[in-house]
Amino acid sequence: MYLSIVLALICGLAPLQSATRESRWWMEEPIRLLQTNLRETDSTVDGQRLVRQVADFPANTLLFNLGGIVAQYPTDVELHYASPHLPPGRDLFGDVLREAHARGIRVIGRFDFSKTQKPVFDAHPEWFFKRTNGEPAIYNGLYSACINGKYYREHALAILTEALERYEVDGLFFNMFGNPSTDYSGDPMGPCQCDACKVRFQARYGRPLPTTRDDDDYAEFMAASAREVAAMFADLIHRKRPGAAFLTYMQEHTDGIMSESNTGVERPLPLWPYSASDNVNRARNSEPTKMAFNLCMSFVDYAWRFVTVPQGEIQLRLYQNMAHGGPPAMAMLGTMDQEDRHGLLAAQPVFRWHAQHEDLYVGQESAARVLLLGGDQRSYRGFFRLLSEQHIPFAVSDNLDWLHERSRTFDLVIAPSGAPAELDRYVRDGGALLVAGTAPPTLPVGRVVGQRPHTRASWRIHDASMLPSLKHTKLLLLDGEYVELAPLEKPLLTLIPPAMFGPPEKVWVDKVETEIPGLVFANHGKGRLAYIPWDVGGLYYRHSSQGHAGLMADVIDRLLPEGRQIKTTAHPLVEITLMTQPARKRTLLHLVNLSGHSDTAYFEPIEMRDITVEAAQDFTRATAVGLDQELPVTRVNGSSRFTLPRLGAYEVVVLQ
Ligand SMILES: [Zn+2]
């Protein structure tokens, strides 16, 4: 401690606050995170130099290997092994921690309890994952532990106790928490058949364990098992180190929610260029009291751990993290001495920007008045992209906890593939709800006649005055199932069933019109809802039809009587988020330029010019941080208007 204070004074840094449960550094400090994901052969790395590289990057939080598969310190816990490459007597983690703290860098220790070494299996085979053929799951000589066995539930706690008592860590991160469905090569693991799983599953579901993994009860069982262990880890960490954060890929019991923006060569196209926005928006707004750590995974796929994804992709992810209230966070395999430097070179200017303007990134909260719920991935992504392209600020939530928090209200909730019945009260109390998809509605909106199978049909548009974005078309495409609703007195859309489409001479010669509605509005209590009984989100995700975009935008506008929060001339590929910093009494408008993305490529974005923004709020000052320029603000009908003269990859406008 003495050394760190002396060093801190020499370096002109304030020593790190030893945090208490009340002070949660991950919510109160600006964070720039680097993860050096060490191999066991990296145990000889020069810790001092590595920390210097991290500090110079400039990062202020280091996610660094501590224990589990191998320990990067001389552990005294039985059946826990130091890296075979760790020189005798060396404490790599301790050295790095001391050096980092002396430089004001937070350190999060990394554990992986999902696998361990053969002697542990030989001593306690019952702690381990058992395949349906009775064999253990072995990968590169390591044995998979089972989340329900005592390796996770007892032995890990002994290892964590040692680490927490020995090291003043700022947090612990757990990789691969729980039983994965596949191994690193993508081969399925199947459901674990160990005795602990057998007993627990039988007790919970009153039937034997399934032998295949595609079983809803089993999925729920695995998630519940991981939550149980997470609760134990959280409790231990909070007791031993009240100021340390518990981090893993889970919303429950954690202090920070980990996620990754990553790629995989087998993944179906299209790419999802909103990956980081999606992860951070969802985590921050599902659990607003927790930080979202979205790691930008620099590698292309497991087989190419040292080859990085395009530089434009890396920068886009990091800017999106920041625009949605998370820190820039970058992960690499091995040390900072990378053979492919593209990833680090791309991330560095973003980290420098953050260091220069770190006050912008503390205590951000979403100011969005529209909430997007999760759902079928394609349907959800269709709405996600549409909202972003339309510059409608929105928050994403996986849960309905906000229904019970008076401070969190929304003008409109969008359920892209069916709405939970719990939303009934929200609507009756005056909320607006847009439901889409082929799950029959749980709220009173239209009378269901029946569910219809996959249909290649069209929707007839009747009244363009009600749907002004559709004034140049009378048709929308339907390729999928739909829910047939009873006819309406004044329909806006009606179904044109499949008709002949070839040869050209015969096209639609047999076409008929129906009264089956494709959109219905209803009042409910003091609120209003709309139902689109087909998968418009999924179709937009797949085809980007301007008809589907226009329909979604017009329905949203009809449900927003006060109008949109933002009106702008920005190109659809400029992502705009609206955040507040309540403690600083100001609003931040982030602009992320996605124009560098095309097909499978990410390039430097094209510079945009003269973006006018009208925000439905009373501001007198607009400061463009990157341009270092005050923008003249004019007031128009209760809104504040300014023009951003230039946008490169990213900009923040501070509104006061
Ligand atoms: Zn098991």
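Colleague: Which residues coordinate the zinc ion?

Modeller: In this predicted model, the zinc ion is held by the SG atoms of Cys146, Cys192, Cys194 and Cys197, at 2.2 to 2.3 Å. Along the sequence these donor residues follow the spacing C-x45-C-x1-C-x2-C.

Colleague: What is the arrangement of the four donor atoms around the zinc ion?

Modeller: Four donors count as tetrahedral if all angles lie between 85 and 135 degrees. Here the angles are 97 to 117 degrees, so the arrangement is tetrahedral.

Colleague: Are Cys194 and Cys197 buried or exposed?

Modeller: Cys194 and Cys197 are both buried.

Colleague: Now the helices. How are two packed helices described?

Modeller: By the angle between their axes and the distance between those axes. Take helix H3 (residues 47–56) and helix H4 (residues 92–102): they pack at about 40 degrees, and their axes are 9 Å apart. H3 and H4 are therefore oblique to each other. Their crossing is right-handed.

Colleague: And sheets: through what do the strands pair?

Modeller: Through backbone hydrogen bonds, in a parallel or an antiparallel sense.

Colleague: How many bridges join E30 and E31?

Modeller: Three bridges, with E30 antiparallel to strand E31 (residues 639–647).

Methods
Residues numbered from 1 in each chain as written. Predicted model: local features only at pLDDT ≥ 70, side-chain atom pairs only at ≥ 80, totals over all residues. Heavy atoms only, no water. Pairing = 2+ DSSP bridges. Helix = DSSP H or I, 4+ residues; strand = E, 2+ residues; numbered from the N terminus. Donors = N, O, S within 2.8 Å, 3.2 Å for Na, K, Ca; no water. Tetrahedral: all angles 85-135°; square planar, octahedral: opposite > 155°, others 65-115°. Buried < 20%, exposed > 50% of the residue type's maximum accessible area, 1.4 Å probe, protein only. Axes fitted to C-alpha atoms, helices over the stretch in contact; angles between N-to-C directions. Parallel < 35°, antiparallel > 145°, perpendicular 65-115°, else oblique. Left-handed = near helix turned anticlockwise from the far one by under 90°.
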